[in-house]
2 protein chains.
Amino acid sequence: MTRDLRPLFAPESVAIVGASGDPRKWGNWLAGRALRGEHRRTVYLINRGGGEILGRRALRSLRELDGPVELVIVTVPEAALELAVDDALAAGAKAIVVISAGTDGAGRDAALGTVVREAGAVLVGPNCLGVFDAEAELELASNDLPSGSVALISQSGNLALEIALLAQEAGLGFSRFLSLGNQADVTAAEIIETLAAHDGTEAIALYIEDFRDGRAFARATASAEAAGKPVVLLTTSGGEAAARALRSHTGALVSDTAAIDAACAAAGIERVSSPRQLIDVVQGLIRSPTLRGRRLAIMGDGGGHGGIAASLAAAAGLEVPELSLGTVAALREHLPDTATCTNPVDLAGGGEQDIVNFERTARTLLGCGEVDAVLLTGYFGGYGEYSDVFTDPEVTTATALGEVAASAQRPLYAQTMYAGSPAADALRRGGVPVYRAVEHATDALARLAARASRQPQGVPALPAPATPVSDWGYDGARTMMAAAGVRFVGQRTVGSLAAAQVAAAQIGYPVALKALGRLHKSDAGGVRLDLAGPEALAAAFTNMAGSLKPEAYSVEAMAPLSDGVELLIGSRWDARFGPVALVGLGGVYTEVLHDVVVALGPVTMSLAEKMLRSLRSFPLLDGVRGGPVLDTAAAAAALASLSGLAGAHPEIAELEINPLLVLPEGAFGLDARIVPADTDPRRDRGLPVHR
Amino acid sequence: MTRDLRPLFAPESVAIVGASGDPRKWGNWLAGRALRGEHRRTVYLINRGGGEILGRRALRSLRELDGPVELVIVTVPEAALELAVDDALAAGAKAIVVISAGTDGAGRDAALGTVVREAGAVLVGPNCLGVFDAEAELELASNDLPSGSVALISQSGNLALEIALLAQEAGLGFSRFLSLGNQADVTAAEIIETLAAHDGTEAIALYIEDFRDGRAFARATASAEAAGKPVVLLTTSGGEAAARALRSHTGALVSDTAAIDAACAAAGIERVSSPRQLIDVVQGLIRSPTLRGRRLAIMGDGGGHGGIAASLAAAAGLEVPELSLGTVAALREHLPDTATCTNPVDLAGGGEQDIVNFERTARTLLGCGEVDAVLLTGYFGGYGEYSDVFTDPEVTTATALGEVAASAQRPLYAQTMYAGSPAADALRRGGVPVYRAVEHATDALARLAARASRQPQGVPALPAPATPVSDWGYDGARTMMAAAGVRFVGQRTVGSLAAAQVAAAQIGYPVALKALGRLHKSDAGGVRLDLAGPEALAAAFTNMAGSLKPEAYSVEAMAPLSDGVELLIGSRWDARFGPVALVGLGGVYTEVLHDVVVALGPVTMSLAEKMLRSLRSFPLLDGVRGGPVLDTAAAAAALASLSGLAGAHPEIAELEINPLLVLPEGAFGLDARIVPADTDPRRDRGLPVHR
């Protein structure tokens, strides 16, 4: 099943179709970089005009080659695209990278992909920026890339460039780079699978617009994580404008933010929102020892920086604990009297007096067992600014700081206002992630601390499809959910007041009355609660009949609302990722508070319970301020049942129970709805997101 | 009242006491920089060893001067501090800046301040970094500072340095800089007052640890804002570790985050959490035309950047609206067919083809009337990287972009991965704020859009103190709050079951029963609701008496909880800022959701209503999903009354009503408590904060 991608990353020969002598053209930049690899492979430059390019004789066509070529880069005018691909296959190409755009859209892309795949070759693009492999000295991109241990896969050339610039500043480089383009054949998932087994790669950085088979993407990234190669994903985070951008850019089938979040949680990968965040997190992941908890010590030579760092750390969810008396005493031993030996530690000029105090302080803090990491903040890196006599000692201390962290097997992070200084470079070389802005350091620490505290949820398999839904109404929804195991309060659907009164007598007063046939019943006054007897029911019925003229009515047992908490549970079918289970605070609180947690469905009972416990508002279910402890297990069971049902019904876009009333014993659906998938899978489903 | 600070910023003569020839010493750096101003003023170098320093003859003491000196900088060993100050005053100094630390703490500082003030001079420090005035060419700090139009006041030398480095990178500089140190005499508020009238200053940047007279600080910053000089405040944002850092650093009396937030809202100033944020916001404030709303157009030459920017903009609270057909057509006129002419606009290589397309696109977007600002994102600035032939046209276009924004009177912001390029510099010179990371641009835009939508709340005066509280119990709290105008449900305090039953009969069943004498009654089972008759009351009473043995009991009318929403209203007395009014969602939601809004008290009825409306959960009061519209005015009146009461009682640390039940008509206190101020004003009061 897995295809051989060696011809793509380490070909024995390469041809640039569309090579050019004009320094303003892609064909020139690519040809120049291809020639740098001539000592590793044969390089052919193809230009239909022939002649000489960059000191080499250019062939007029791939047909002039005297032997086969493994990798062909195509950068020709759009109209000549298919012909160039045909020629490449005829020349024996095993991998074809199409820089040119195929603007006719998905149909033309798909046809190209099929032709190449059926010929036993692989196609990257169209509309991509190139490929790079550090080990193979293959540089087929428009810009120079630093070598290193990060694999980068991107669906945007310019974002890849920005990531590369930021990586270079951070002293990082790339093992492999692939610009995906429109994914007519090779997809992100396929590349990630091969990277999981690639020795030269320590971490995988992704910018993806269209996830294609989202579950395959989740499985591939999960396997990379399992192989010890952490994955960091940059993608857009919802909003109609971002979706417009992606559809125009690569014709992407845009996924709900919630679905992407669910896939990341399933695979255990990190999701970021900007190129800067991506490199910040990658630094922490591949440089320093693994962070195991959220307790942070802060140190610096000046008190203001320590206070700001402590504020930002707390805001990011880290702990900055007080140190034990023993540790304080150990710090005090070598620091001047003016130093603050609590956490944050302020050397208060003690670093200026004797720069080795930084090393001593870091050793004490990393070794004390009271914190999981140390953040050096502020001025360090700048002593050399005052006088050259400080430069060498500062670099020596920076090197020693890296050694201290490595031997303590606990991360040391550094923020310095002199991030380009020789000392900062020495820190990086020694395995210390270095940040220019302190909030970027605390954010990376907080993210990696959170990572340490969780396990990947796993990527669930989908059940076989069940018989499709025939009744999309309220009764149909309740019936199928009840059959799946969700409990509801007693209910009858009726068409007349007389029938309503018979139903209420059977169910027992007080009852609730609902108008059926509207999506948001409570918006329109279509729900009346606590009807104590036949007269109240009659009045409510008459009023509702007059104002709303509903198709039918539901008479329901009145649940003890004040004894419990209302949740929303549901599932939405994402076109790329399939069913996504969600749970949040219900009723009017759903929209007001946006406290929602999602996971790829179907979810197990155990995952459903974890989802509930990760709600911000979980304390409401757990006896906060003397309230009753509610039946979390019953709520989790309802969610697991509902999400299992959803997994078997791809024809349902959304299933929802809102509210699900969770009581001290049991959890009961008080409403239910299902929405059929419409014909345009791109529409924004407006899923609430977990912040 | 206002003192003359001219001798501090523009002295006719200056003496450096502690000048040194050793390039590792402060006395050397200060002396060197002082001498740069010799063409503007007489400079005396003082060293008790005499001799030659930096080519000048050093005096042994200020007593050797033949005439008076206006400004004296003191950087001597701590023990010699008082003597140096005495000498300075004897030499006629009108301003003294003490670099040396006075580590004996506040007492010694205060004594120094008094001596200097009584001599008619001003003292800055001790424990400060110096002073700078661009216009006067006064450079008396340890590092070089770029000249410009930002005034910087800082209580940390190193943070000031970091801010200066970031400012320089952003092409900004300083009109004045003052390092405050321990504020023994000159405080931030006094300096800010003078800056409000300082012609060379366009914006004021602050790093403050101790706000001293917090209301004076708020008034001073409000007056600077009113004078058209926006103020940006960097300070710590709560947390015990940050407080530890500040107490150690400058012995600051640490204020509640909520109190600082309230002061910022009162004065209408911006609060930031890091040096980077500070410069990001200052750029936006002083460079570009005023931002008037939150509608943003995004443009770039590549689709990935547009999507990422749109995501981040939406997450920051900006709108990225679709453009009208007319505007789309106007864009399409000059862009290639492949371009996306919706918002975000993707030139899709149209900038590479003809760089003037950036200018045309920006002109169309800034002039269309459909957006309040334009963000240029991504690659611009980097065309010169490919080939020198692109550099000049790119710089020309950058200059034109600034002109387009200026003439449209709408802000153009730029994010470029090439923030150090000639084109980026040209953008800055043209009044375009330039950011390296796109989230920094969107965050600055979102912040300034929010600023455009609000007015300063104003700094209220405190009422005269009332007769201090004598009864700190529940009855006392209710009685004084009721007298101030807050409405409560019917209630009796009783000591026996018999008395409870009499009270309940008078009030009318159902009733609530509370155990008195505990702070969080509901934690301990000390509240029983909905007691329907004498038997239920007796059972609850007996149970409570057995388990809690309360001092007394409160029998109260049972309020119709399900008809309304429970709020918390209260006031806390901050040692620096005085009474701070707060409102949030009440009951169990207070702690779970942290949805709280604060303001300097006492608040007017109108401000109280604005506070309510700015709660995230305000829709719950406003008829969300068909619920009733509740009596916001009554809730606001209760908050205004409570905060007025608090303002007259400095002996009360906290007043709180939780819950205040807001009904469709009226708002009623269901509980009340007051807490006396304790003797240590530094204790953390754990105020919930508005996020």
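Chain A and chain B bury about 6,600 Å² between them, and 59% of that is on carbon and sulfur atoms. I start there, and then go into the chains. One caution first: this is a predicted model.

So, the interface. How many residues of chain A are in contact with chain B? The count is 83, and they meet 83 residues of chain B. Between chain A and chain B there are 15 residue pairs in polar contact, with both residues at pLDDT 80 or more.

What about residue classes? The side of chain A that touches chain B has 34 nonpolar, 33 polar and 16 charged residues.

Now the charges. Side chains of opposite charge can pair when their charged atoms come close. Across the interface of chain A and chain B there are 4 salt bridges. Here is one of them: Arg436(A) meets Glu169(B), side chain to side chain, at 2.7 Å from N to O. Over all chains, the structure holds 70 salt bridges. Among those is the one between Arg436(B) and Glu169(A), again at 2.7 Å, N to O. Why does this pair join two chains? Arg436(B) sits in the loop between β19 (434–435) and α18 (438–452) of chain B, and Glu169(A) sits in helix α5 of chain A, so the bridge runs from one chain to the other.

Next, a sheet in chain B. Please find it on the structure. It is an open sheet of 7 strands, in the order β9-β8-β11-β10-β12-β13-β14, and the pairing is mixed. Which strands stand at the edges? They are β9 (138–141) and β14 (270–272) of chain B. Each has a single partner strand, so one side of each is left without a neighbour in the sheet. Neighbouring strands here are turned by 20° against each other on average, ignoring direction.

Look inside that sheet. Strand β10 (residues 147–154) and strand β11 (residues 174–179) of chain B run parallel, joined by 6 bridges. If you want a landmark, take Val150(B): it stands opposite Phe174(B) in β11(B).

Helices lie on this sheet as well. Helix α6 (residues 188–195) of chain B lies across β10, β11 and β12 (203–207) of chain B. Its direction is at about 160° to β10(B). Helix α9 (residues 257–267) of chain B also packs on the sheet, touching β13 (231–234) and β14 of chain B. The angle between α9(B) and β14(B) is about 145°.

Over to chain A, and another sheet. This one is open, with 5 strands in the order β2-β1-β5-β6-β7, and the pairing is parallel. Its edge strands are β2 (42–46) and β7 (122–124) of chain A, each pairing on one side only. Neighbouring strands are turned by 15° against each other on average, direction ignored.

Ala95(A) stands opposite Val122(A) in β7(A).

Last, some backbone details in chain A. Start with cis peptide bonds. The bond from Asn343(A) to Pro344(A) is cis, with omega near 5°. Pro344(A) is in the loop between α12 (325–334) and β16 (345–346) of chain A. The bond from Tyr509(A) to Pro510(A) is cis too, with omega near -5°. Find Pro510(A) in the loop between α20 (497–507) and β21 (511–516) of chain A.

Then positive phi. Gln409(A) has phi near 55°, a positive value in a residue other than glycine. Gln409(A) is in the loop between α16 (391–408) and β18 (412–416) of chain A. Lys549(A), also not a glycine, has a positive phi near 45°. Its place is the loop between α21 (534–548) and β23 (552–557) of chain A.

Conventions
Residues are numbered from 1 along each chain as its sequence is written. Chains are lettered from A and ligands numbered from 1 in the order in which they are written. Side-chain values use heavy atoms; hydrogens and water are left out. Two strands pair if DSSP finds at least two bridges between them. Helices (H or I, at least four residues) and strands (E, at least two) are DSSP runs, numbered from the N terminus. Axes are lines fitted to C-alpha atoms, for helices over the stretch in contact, and angles run from 0 to 180 degrees between N-to-C directions. Contact means heavy atoms within 4.5 Å. Buried area is the accessible area (1.4 Å probe) that two parts lose on being put together, summed over both. A polar contact is a pair of N or O atoms within 3.5 Å; within protein, one must be able to donate a hydrogen and the other to accept it, and residues adjacent in sequence count only if both atoms are side-chain atoms. Ala, Val, Leu, Ile, Met, Phe, Trp, Tyr, Cys and Pro count as nonpolar, Asp, Glu, Lys and Arg as charged, and the others, Gly among them, as polar.
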